[in-house]
Amino acid sequence: MSSLTRTIVLLATAAGALAVAVVSLVMMLAPAGDALPSSLVGHLGAGVELALALTGALTALLVSVFALTARSSARRAVSTGLLRTATLVAALVLALTTPGGIIPAAGYTFAATVLVGGAVLIVLVVLRRPWLGLLLAAAVGVLAFAMAGLGFGTLAVQILGGFGSLFPLAAVALTHVVAAAGLLVWSIGESRGARGGFAEAVLRHRRPITIIAAACALPYVIARASWLTPWPLFGGSAELFAQEPAARVLGLVLGAGMLAGGVLTMGLIRPWGERFPRVFAGVGGRPVPPALAIIPASVVSVLFTAAGVQFTLEGAGSISHTAYLLLMFPFWLWGPLLGLAAWGYAMNRETPLVSPAPPVGVVRTR
């Protein structure tokens, strides 16, 4: 991780931690009842919940400031040695105190991001391979026309309106996620040179870890894909589709977003996760900046670990229903495994992708 990326991550962590601290103090001094959804530790009481959030935020703020001011390698070594436990504990506390209700907003945001990202990739393909890019653009255009015919445009407006009402609460939760993910990214970046013990095990088994993490998307993807058949699963029914045709399209879009998440997770062990495919104009063939994969993976890891468990617990009922939700939304597993996969990716990327030139005067022999 470059020094510039490291600085940006730490500044974002400090900003998120400061926002969490301010909100926690305001809520402690002027209680607003159930203004925020309960977190994973909400059952301990609002006072305990806010105190934990404040403690985690202040710890994250101190770690960020210390890391930003640790210029010498010796002092940085001390910081990574003495603050490792504090960093991980603070990240865990911030994740556990993340207000609930962020999963719906995060899901729609991720789906929108996938759509925008797909459009950007198509443009890059058009610039490098015009015929292939135009073919992809035509296919997307036909799909968009079909979706519009099913009334998805009206439903999209309703979704945007609902997202607007969720945004204030989601913004508070996002500060927790940013601070916790920033600590995770910094910890991964500072421990890339670590070898032996748990780090070595993660590096050695990073492929199965990543594959299992990516496979966590399959239950939801399969359930949404079943909406294309006469036997829809997970809330789908012929009656629903007859009354609201756009609901089927929305489910398929969310399923496509989840599938994209699984594919991107696989990028942590695939060649295109280290070098941009040559079909893309401008960046094709160039090394992928490690931070471009590590930072999003860390953010999603924290989000899935905290909000995913919160979502599952809120919907828990009977044992069979709880097991069904744990299988359909395995964020509780995807999140931690994604964090480990990102760590393994970071350690693996320590080796330069371009072989260094031989020393002057040395002649290579065949």
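Buried means under 20% relative accessible area, exposed over 50% and partly exposed in between (1.4 Å probe, protein chains only). Helices (H or I, at least four residues) are DSSP runs numbered from the N terminus. This is a predicted model, in which local features need pLDDT of at least 70 and side-chain atom pairs count only at pLDDT 80 or more, while totals for chains, interfaces and linings use all residues. Residues are numbered from 1 along each chain as its sequence is written, and side-chain values use heavy atoms, with hydrogens and water left out.

Q: Which residues of helix α10 are buried?
A: Helix α10 spans residues 218-225. Its buried residues are Y220, V221, A223 and R224.

Q: Within what arc do the buried residues of α10 fall, seen down its axis?
A: The arc is that of the directions from the helix axis to the C-beta atoms. The buried residues of α10 line one face of the helix, because they fall within an arc of 165°.

Q: Are α9 and α12 roughly parallel or roughly antiparallel?
A: Axes are lines fitted to C-alpha atoms, for helices over the stretch in contact (heavy atoms within 4.5 Å), and angles run from 0 to 180 degrees between N-to-C directions. The axes of α9 (residues 206-215) and α12 come within 8 Å and cross at roughly 175°. Angles under 35 degrees count as roughly parallel, over 145 as roughly antiparallel, 65 to 115 as roughly perpendicular and the rest as oblique. The pair α9 and α12 is therefore roughly antiparallel.

Methods: Helices (H or I, at least four residues) and strands (E, at least two) are DSSP runs, numbered from the N terminus.
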